[in-house]
Amino acid sequence: MGKIKGFMEFDRLKEPVIDAKERIKNYNEFTVAPEEKKLQEQGARCMDCGVPFCHSGCPLGNLIPDFNDAVYQNEWQRALTILHSTNNFPEFTGRLCPAPCEEACVLGIVNPPVSIELIEKYIVERGFAEGWIKPQPPEQRTGKTVAVVGSGPAGLAAAQQLNRAGHAVTVFERDNKIGGLLRYGIPDFKMEKNVIDRRVDVLIAEGIEFKCNV
Ligand code: SF4
């Protein structure tokens with residue numbers, strides 16, 4: 001678990017933001033990465049509850065107390081492995097999800113809940129920065145082909161899972177770029193487009209084929 005009584009020692013962490021006077025000069029994301037120590041302290045607040053309500057709050061079933069503890073222990077690569085075991089694209093959910101896990105967090109009954117989404121985001125950002133996120137093409141191909149219609153987050157996740165299972169996957173997208181709602185429905189200040197592009201590069205390297213404008 002995190003630190004015993006860590007929840008009594010440390011406060012909830014809010015993501016720092018760029019000053020509004022600077023922020024209005026462009027449409028980019030305006031958050032600033034917290035210090036690593038602050039994220040570890042946030043992981044320390046997790047009580048590793050006997051019945052972790054955060055689990056049932058998360059639609060993906062993310063193993064939240066496990067990655068909270070790994071961050072507290074400064075084991076970021078292990079945290080990334082835990083996070084990716086249930087979530088193909090934590091860099092999307094870490095920016096966009098309304099965080100029902102935090103609504104469900106047991107600590108939230110008496111104190112502000114653990115900043116779970118923030119921890120999630122910075123685990124995966126660390127993973128990209130360190131080069132830990134590498135293409136994982138399947139060792140064997142099944143000879144079967146799969147068409148995925150639409151390259152929104154659900155299509156991309158389905159494509160990655162099916163490709164990793166060995167099928168030859170082609171994603172068909174009607175727009176001229178990949179991403180669906182991620183690209184055409186989410187403004188840059190919530191998520192810049194390079195966040196989509198760097199993940200798509202991984203998917204292409206894994207062997208997934210994309211066809212746009214179809
Ligand atoms: S409910 Fe909150 S405190 Fe309990 S395990 Fe989940 S994140 Fe940690």
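Cys46, Cys49, Pro52, Cys54 and Cys105 come nearest to the ligand, out of the 15 residues around it. A residue counts as near if its C-beta atom, placed from the backbone, lies within 6 Å of the molecule. By class, this shell has 13 nonpolar, one polar and one charged residues. Ala, Val, Leu, Ile, Met, Phe, Trp, Tyr, Cys and Pro count as nonpolar, Asp, Glu, Lys and Arg as charged, and the others, Gly among them, as polar. Helix H4 (53-57) and H5 are the elements that give two or more residues to the shell. The largest share, three residues, comes from H5.

This is a predicted model; local features need pLDDT of at least 70, side-chain atom pairs count only at pLDDT 80 or more, and totals for chains, interfaces and linings use all residues. Residues are numbered from 1 along each chain as its sequence is written. Helices (H or I, at least four residues) and strands (E, at least two) are DSSP runs, numbered from the N terminus.

H5 also packs against other helices. Axes are lines fitted to C-alpha atoms, for helices over the stretch in contact, and angles run from 0 to 180 degrees between N-to-C directions.

| Helix pair | Angle | Axes | Crossing |
|---|---|---|---|
| H5 (64-72) and H6 (76-84) | about 170° | 8 Å apart | left-handed |
| H3 (36-44) and H5 | roughly 135° | within 7 Å | left-handed |

The angle makes H5 roughly antiparallel to H6 (over 145 degrees). Asp66, Phe67, Ala70 and Val71 of H5 meet Trp76, Arg78, Ala79, Ile82 and Leu83 of H6. Contact requires C-beta atoms, placed from the backbone, within 7 Å. This contact of H5 with H6 has seven nonpolar, no polar and two charged residues.

H3 is oblique to H5. Leu39, Gln40, Gly43 and Ala44 of H3 touch Asn68, Asp69, Val71 and Tyr72 of H5. Here the classes are four nonpolar, three polar and one charged.

A crossing is left-handed if the near helix is turned anticlockwise from the far one by less than a right angle.

Next, the sheet. Three strands form an open sheet in the order S1-S2-S3, with parallel pairing. Pairing takes at least two DSSP bridges between strands. Strand S1 (145-149) and strand S3 (209-211) stand at the edges with a single partner each, so one side of each lacks a neighbour in the sheet. Neighbouring strands are turned by 20° against each other on average, direction ignored. Five bridges join S1 to strand S2 (residues 168-172). Valine 146 stands opposite valine 169 in S2. Helix H10 (residues 153-164) lies across S1 and S2, at about 165° to S2.

Terms used: Angles under 35 degrees count as roughly parallel, over 145 as roughly antiparallel, 65 to 115 as roughly perpendicular and the rest as oblique. Two residues are in contact if their C-beta atoms, placed from the backbone, lie within 7 Å.
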